[in-house]
Amino acid sequence: MSERRSITILGATGSIGRSTLDLVERAPEKFEVAALTAQRDVGKLAAAALRTQAKLAVIGDPALHGTLRDALAGSEVETAAGPDAIVAAAARGADWTMAAIVGQAGLEPAMAAISAGRTVALANKESLVAAGELMIRAARDHGTTLLPVDSEHNAVYQCFPHEDPSRVRRIILTASGGPFRTWTSDEMRRATPEQAVKHPNWSMGAKISVDSATLMNKGLELIEAHHLFPVGPQRLDVIVHPQSVVHSLVEYLDGSMLAQLGTPDMRTPIAYALAWPERMETPCPPLDLAAVATLTFEAPDEVRFPALALARAALAAGGARPAVLNAANEAAVAAFLARRIGFLDIAAIVSNTLERYDPPAPATLDDVCDIDAEARRQAEQAMERLAA
Ligand code: NAD
Ligand code: MG
């Protein structure tokens with residue numbers, strides 16, 4: 001009998017976490033679950049831990065530890081609670097770890113997994129945006145394979161000449177354009193959270209759905225691409241492609257373009273990372289090009305979607321700018337989802353925070369966390385000024 005690979009899923013109850021579980025549970029002969037983590041959804045976490053006979057289940061909110069213990073009473077699943085326990089679960093290491101916690105909260109767990117070595121599948125783009133240099137260095141120092149799960153970066157990874165990046169003229173990330181692609185600024189001013197999270201092609205968590213509507217998601221992805229594919233910011237481009245079939249492209253010096261295509265289902269990029277360097281079957285419907293019939297492309301509108309330009313500027317400036325951008329965006333998106341600010345205020349708050357707060361480049365993970373905390377405080381102040 002061949003040995004099963006151990007799998008840890010950080011953020012197991014989210015959209016990416018559940019898609020990962022779906023694939024893992026279809027092949028119990030190949031995978032065993034080391035640890036599953038979640039922030040609040042005890043019911044889903046406990047059910048997944050029981051189904052997969054996970055060794056460990058960790059809930060982020062310590063007040064829910066009792067509920068988790070009760071739900072897992074009589075099973076062999078070990079339990080723990082609190083942010084430090086999530087980091088400890090990641091640090092235990094597994095053959096393969098999925099980093100799918102949303103936002104800056106995923107940074108320390110992702111770094112712990114990277115430092116534990118082996119393979120880390122990275123969905124949590126915000127951690128790479130805020131601390132890209134530190135993460136890439138840690139992966140190199142610990143001999144960890146970092147595989148991008150974000151569909152665009154996964155596509156680029158499959159087309160990229162890893163042995164010689166100088167062969168690349170351009171990396172082109174595709175963007176669906178989100179639910180407001182054809183809306184005027186005036187219409188967007190009145191957009192509700194319900195409208196913003198209703199993505200035309202992908203089913204995702206609330207935060208990334210709002211980021212897709214502002215195009216900040218594509219901005220974060222430019223920064224993510226910069227860390228994963230060292231070709232320089234000026235070789236990174238974005239094109240709007242409403243069908244979400246071409247997941248991104250690599251243009252070579254000779255004019256050839258390689259692209260990866262597929263149905264918009266995150267289980268394909270997750271399966272790529274799970275089976276790497278081999279391939280595995282997925283339940284994703286095959287791409288029917290005749291049924292899709294038409295693929296269209298258009299330039300992004302950075303006037304109606306100022307978040308993209310903000311992210312580009314942060315990428316060009318480097319240092320702490322991406323971390324400030326990311327933190328201010330997280331605070332503003334949370335406020336928008338809580339109906340405290342309007343849709344167009346999200347980019348305005350990020351811009352305002354970047355103008356007011358310009359700290360030196362972070363040298364350590366603690367620096368990144370301090371910058372993140374201060375940028376959120378400044379963004380909150382900007383929102384209070386807006387409300388006054
Ligand atoms: P989600 O909101 O559906 O799930 C987030 C997960 O993180 C949940 O398991 C939740 O319990 C956990 N979590 C939330 N806050 C936490 C905290 N403070 N501490 C610890 N755990 C916490 O999000 P998602 O859509 O699955 O996205 C996860 C990550 O993957 C994000 O960084 C997102 O940008 C990225 N991503 C998602 C998709 C997608 O299709 N959903 C595609 C590309 C990239
Ligand atoms: Mg993406």
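Three residues supply the protein donors of the magnesium ion (ligand 2): Asp150 (OD), Glu152 (OE) and Glu221 (OE), at 2.1 to 2.2 Å from the ion. Please keep in mind that this is a predicted model.

**Magnesium site**
- Along the sequence, the donor residues of the magnesium ion (ligand 2) follow the spacing D-x1-E-x68-E.
- Asp150 sits in the loop between strand 7 (145-148) and helix 7 (151-159), while Glu221 belongs to helix 11 (residues 216-228), so this pair ties together parts that are 71 residues apart in sequence.
- Asp150 and Glu221 are both buried.

**Ligand 1**
- Ligand 1 is surrounded by 22 residues, and the closest are Thr13, Ser15, Gln39, Glu126 and Gly205.
- Helix 1 and helix 6 (125-142) each contribute at least two residues to the shell around ligand 1.
- An oxygen atom of ligand 1 lies 3.1 Å from a backbone N or O atom of Gly14.
- For Ile16, a backbone N or O atom is 2.9 Å from an oxygen atom of ligand 1.
- In Glu126, a side-chain N or O atom lies 2.6 Å from an oxygen atom of ligand 1.
- On its own, ligand 1 has 830 Å² of accessible area, and the protein covers 85% of that area.

**Helix 1**
- Helix 1 (residues 15-26) has 12 residues, which at 1.5 Å a residue should span 16 Å; the end C-alpha atoms are 17 Å apart, which agrees.
- Its buried residues are Ile16, Gly17, Ser19, Thr20, Leu21, Leu23 and Val24.
- Those buried residues pack against strand 1 (5-10), strand 2 (31-38), helix 2 (42-52), strand 5 (96-99) and helix 12 (267-275).

Note on methods: Residues numbered from 1 in each chain as written. Chains lettered and ligands numbered in written order. Predicted model: local features only at pLDDT ≥ 70, side-chain atom pairs only at ≥ 80, totals over all residues. Heavy atoms only, no water. Donors = N, O, S within 2.8 Å, 3.2 Å for Na, K, Ca; no water. Helix = DSSP H or I, 4+ residues; strand = E, 2+ residues; numbered from the N terminus. Buried < 20%, exposed > 50% of the residue type's maximum accessible area, 1.4 Å probe, protein only. Expected span 1.5 Å × (residues − 1). Contact = heavy atoms within 4.5 Å. Near = heavy atom within 4 Å. Polar contact = N/O pair within 3.5 Å; in protein donor to acceptor, adjacent residues only side chain to side chain. Areas by Shrake-Rupley, 256 points an atom, 1.4 Å probe, with all protein chains shown as cover.
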